[in-house]
Amino acid sequence: MNHLLKKSAAAFSLFFCLISTVSCGEKKAASTSANGKLKPRPKTVDYAPTDEIKNAPLSSGLIQIGNDVFRNGGYYTVGQLMEKLEGKYELQGGIDIDGVLVGDEEKVGIYLPKDVQISDDGIPAYDIAVYYSNLNAKEGDETPVKDAIVYQIYPNLINYDVFDSVWQPGGIKAFPAEIGLSEIVDTYEKNSLEKVDSEHLYNDCSSNHKYNVYTEHNKFGRPNELQANAMICGTEANLYGVCPIYCYEFTYNENSKKGLSFQWNEEYSTFIEDDENTTDQ
């Protein structure tokens with residue numbers, strides 16, 4: 001049985017810090033033309049949420065990017081994921097499949113979908129970032145990269161409005177969310193989540209493993225923006241033999257109650273081990 005794996009993916013925080021610099025729901029171009037006007041985003045393939053993502057519970061950890069559905073939370077090795085991507089995505093760098101990780105070293109590889117057009121300045125409409133590690137490795141241990149476990153798969157490039165083609169479980173669009181506060185609360189309750197006060201969401205969960213809870217009004221920090229967050233325990237053991245914990249953040253306008261974004265927050269998403277949520281390997 002694995003040791004307790006309660007470790008935030010701190011190495012991934014830079015990516016989300018970059019995302020946070022773009023106000024959710026806004027259009028942002030990658031660069032400007034010679035006269036200072038914004039260049040239009042490149043034409044891309046039109047995507048729609050699949051039945052798989054529409055029917056997925058929040059505890060599944062699924063995410064749809066373009067036409068492809070992936071699973072976050074430690075359910076693939078790097079080798080297994082690369083087989084899934086073969087023929088559809090091109091590796092842009094970062095993954096040395098014949099290399100090794102030392103200790104619990106964390107790395108990221110970037111993949112570009114082959115069916116996505118490139119803009120005139122050579123920037124793809126989107127690519128995906130694959131974060132991987134071996135949290136069980138001790139200092140000095142070597143893990144073949146192909147055997148490392150993928151923690152997170154997420155769209156990587158933020159220069160264009162790539163999140164038009166990203167959906168979370170339930171078929172909820174990530175950016176912008178396209179639903180309001182009442183609808184996300186209905187979604188949380190349909191997923192059997194219990195409502196708690198916002199100040200207790202993270203502290204209580206970390207101390208007594210009370211997951212599968214949500215809060216309606218959590219101050220986000222920007223003017224007129226609030227969050228309705230949820231902390232959810234996965235129902236299937238991952239490759240570590242434990243269940244992941246998913247933290248979802250629904251950001252909405254305080255006045256209109258219109259949703260701005262719905263994303264998985266890696267900072268509070270983690271792994272747990274207890275008698276109910278762990279299996280022997």
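Visitor: Is cysteine 247 buried or exposed?
Guide: Cysteine 247 is buried, because its relative accessible area is 0%. Buried means under 20% relative accessible area, exposed over 50%, and partly exposed in between (1.4 Å probe, protein chains only). This is a predicted model, in which local features need pLDDT of at least 70 and side-chain atom pairs count only at pLDDT 80 or more, while totals for chains, interfaces and linings use all residues. Residues are numbered from 1 along each chain as its sequence is written, and side-chain values use heavy atoms, with hydrogens and water left out.

Visitor: How many disulfides does the structure hold?
Guide: A disulfide is a covalent bond between the sulfur atoms of two cysteines. Here a disulfide is a pair of cysteine sulfur atoms within 2.5 Å, and the structure holds zero. Take cysteine 243, which counts as buried at 3% relative accessibility. The closest cysteine sulfur to that of cysteine 243 belongs to cysteine 233 and is 4.9 Å away, so it is too far for a bond.

Visitor: Which residues have the most contacts inside the largest nonpolar core?
Guide: In soluble globular proteins, nonpolar side chains tend to be buried together. A nonpolar core is a set of buried Ala, Val, Leu, Ile, Met, Phe, Trp, Tyr and Cys residues joined through side-chain atoms within 4.5 Å. The largest one has 30 residues, and Ile65, Phe70, Leu81, Ile128, Tyr132, Val150 and Ile153 have the most contacts inside it. Two or more residues of this core come from each of β1 (62–65), β2 (68–71), α3 (78–85), β7 (128–133), β9 (149–155) and β10 (166–168). Helices (H or I, at least four residues) and strands (E, at least two) are DSSP runs, numbered from the N terminus. Another core, of 27 residues, lies apart from it and includes Ile172, Ala177, Tyr214 and Leu226.

Visitor: What is the strand order in the open sheet of four strands?
Guide: Two strands pair if DSSP finds at least two bridges between them. The order is β2-β1-β10-β11, with antiparallel pairing. β2 and β11 (172–173) are at the edges with a single partner strand each, so one side of each has no neighbour in the sheet. β1 and β10 run antiparallel and are joined by two bridges; isoleucine 65 has valine 166 in β10 as its bridge partner.

Visitor: How many aromatic pairs does a search of the whole structure find?
Guide: A pair of aromatic rings is described by the distance of the centres and the angle of the planes. Rings of Phe, Tyr and Trp (its six-membered ring) pair if their centres lie within 6.5 Å; planes under 30 degrees apart count as stacked, over 60 as edge-to-face and the rest as tilted. The search finds eight pairs. Phenylalanine 250 and tyrosine 252 have ring centres 6.0 Å apart and planes at 25°, so this pair is stacked.
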